[in-house]
Amino acid sequence: MIKGIAASKGYAIGKVFVHEEVEIKIGSETVDNIEGEKSKLQEAVLKSKNQIKKIKENTIKSMGEEKAEVFEAHLTLLDDPEFVGAMEMEIDNNKSNAIKAVDDVMNTFVMIFEGMEDEYMRERAADIKDVSKRIIANLAGKDLSSFAIAEENTIVVAHDLTPSDTAQLDKDKVIAFLTNIGGRTSHSAIMARTLEIPAVVGLKDITKQVKNGDIVIVDGIEGLVIVNPDDNVIEEYKNKKQAFLDEKEELKKLIDTKTKTRAGKRIEVSGNIGKPQDVEQVIANGGDGIGLFRTEFLYMDRDEMPSEEEQYEAYKYVLERMEGKPVVIRTLDIGGDKKLSYLEMPEEMNPFLGYRAIRLCLDRPEIFKVQLRALLRASVYGNLKVMFPMISSLKEYQQAMDIVSECKAELKEEGKSYSKEIEWGIMVEIPAAAVNADELAKHVDFFSIGTNDLIQYSLAADRMSEKVSYLYDPMHPAVLKLIKMTIEGAHSQGKWCGMCGEMAGDEDAIPTLVEYGLDEFSMSSTSILPAKKIIIEC
Ligand code: PEP
Ligand code: MG
């Protein structure tokens with residue numbers, strides 16, 4: 001049994017096909033005809049562009065627009081003068097042959113991206129490799145598109161699967177894949193989840209441990225691979241697979257169900273999103289609304305703050321798409337582990353206890369107001385609720401609401417409308433707010449418990465540290481007491497209480513949270529249906 005990272009749920013039993021990377025020798029010969037070499041490069045870049053356009057079209061057909069976005073990014077890269085220009089410069093300055101020029105530039109860019117702190121950016125090194133290897137293959141006259149899989153029930157095993165490899169997988173034949181490298185947020189993992197085929201990644205040397213024709217079992221739930229299992233094990237996994245599929249089918253029946261407990265209490269099960277387009281997954285999984293829109297993602301991976309207009313469009317889109325269902329938008333929660341390249345932040349010993357979220361917004365009202373104005377203007381398009389992150393005391397909430405009032409007055413002056421029905425709430429993610437919930441509840445419209453942070457602050461266990469992860473326990477009695485106090489505090493003032501931290505989707509925790517009287521659960525969209533099932537059985 002080989003253990004890796006579970007990247008996409010499900011079970012598969014099938015035959016191995018080891019995907020060999022096309023090997024191309026990178027020679028160090030120099031060239032004399034510099035212009036000739038540069039035009040060879042241009043030709044290969046053009047050919048690559050045409051190939052990627054085709055893959056993009058096929059991906060739109062098979063997986064939809066959103067999944068094809070990665071190829072748009074690849075095309076942009078090929079148009080980027082810094083990228084292709086750097087290759088030309090290699091030829092100009094060092095008389096490098098075109099293949100070596102591409103390889104050198106690729107290695108430099110990959111090194112920069114792999115050195116970045118942000119996991120998402122690190123994973124983007126894979127895009128650079130994918131595009132560069134395509135140019136190299138075209139320069140060498142090799143065909144990258146031959147991903148011909150003849151047999152059904154094939155399990156593809158590869159060092160890594162590039163987005164273009166994954167897009168070319170024949171879904172009628174490939175039932176799972178395994179890779180040596182990658183994490184849960186690598187493209188191949190994301191694609192596997194979209195295709196709904198099991199995948200285990202980060203298996204280190206799986207390409208060496210199996211060979212073509214081996215029978216393997218892929219357990220995408222536990223992240224396990226079993227090579228050449230005996231009949232008993234195969235039988236066991238066939239049963240597991242059937243049970244998994246039956247349950248998945250059964251869960252689909254709950255898409256339109258309005259979740260109620262056995263006692264008849266209606267509970268909302270909503271989805272967490274980071275980008276406006278993520279609403280589609282929430283809708284497809286039967287979410288009752290959006291319980292957390294992490295707006296900081298609108299501010300990330302760019303060079304400047306998003307404008308009021310841009311934000312207004314994003315919020316309006318989500319509100320309209322949700323057609324009157326509740327949409328809880330959290331104001332900017334930057335700082336801690338989330339940094340913006342264009343915003344200077346102080347060096348701190350403990351950024352998680354430092355200048356972040358509402359603290360930063362209250363200190364920089366010129367940034368905060370842009371977002372609040374966009375939210376107010378968008379509010380007329382749906383059922384908007386706004387919450388502030390990292391509130392520790394009533395004063396912060398009041399200061400935030402004073403700025404909201406300023407924005408309302410400005411908009412009125414400008415003749416711009418906003419809804420009078422917006423609810424204003426806070427995230428309860430600092431123990432002080434939980435302990436003081438009954439007081440805070442007198443002033444706010446609702447609470448949403450952010451357990452990801454509440455747990456780390458209560459137990460003094462950094463949520464990012466593997467070393468202390470054994471302490472990070474959602475079911476710790478102290479954490480449970482804080483949650484209970486928060487819900488009771490809200491109810492004592494006739495207010496509702498939701499939860500948008502990971503714990504809301506934790507199947508083991510849900511019955512306890514229902515028992516405490518939690519009114520709304522918000523989670524990643526794939527957890528919505530399993531959560532609904534547990535709640536109706538409570
Ligand atoms: C939380 O802290 O539980 C939460 C939902 O916010 P984030 O994970 O974005 O910090
Ligand atoms: Mg938080």
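## Lys38 and its contact

The side chains of Lys38 and Asp92 are joined by a polar contact of 3.1 Å, in a model that is predicted. Lys38 has its place in helix H1, which covers residues 34–63. Because buried means under 20% relative accessible area, Lys38, with a value of 14%, is counted as buried.

## The second largest pocket

The second largest pocket holds about 950 Å³ of space. It is lined by 42 residues, and those closest to its centre are Glu21, Lys129, Lys133, Asp160 and Thr162. Two or more residues of the lining come from each of strand E3 (11–19), helix H4 (98–114), helix H5 (119–123), helix H6 (125–139), helix H7 (163–168) and helix H8 (187–195), and H6 gives the largest share, with eight residues.

By residue class, the lining of this pocket divides into 15 nonpolar, 11 polar and 16 charged residues. The second largest pocket lies between domain 1 (2–19 + 150–234) and domain 2 (34–140), because both domains give residues to its lining.

Conventions:
Residues numbered from 1 in each chain as written. Chains lettered and ligands numbered in written order. Predicted model: local features only at pLDDT ≥ 70, side-chain atom pairs only at ≥ 80, totals over all residues. Heavy atoms only, no water. 1 Å grid on protein atoms, 1.4 Å probe; cavity = no way out; pocket = protein on both sides within 12 Å on 5 of 7 lines; lining within 4 Å. Points joined across faces, edges and corners; volume = space filled by probe spheres on them. Helix = DSSP H or I, 4+ residues; strand = E, 2+ residues; numbered from the N terminus. Nonpolar A, V, L, I, M, F, W, Y, C, P; charged D, E, K, R; others polar. Domains from an automatic or database assignment. Buried < 20%, exposed > 50% of the residue type's maximum accessible area, 1.4 Å probe, protein only. Polar contact = N/O pair within 3.5 Å; in protein donor to acceptor, adjacent residues only side chain to side chain.
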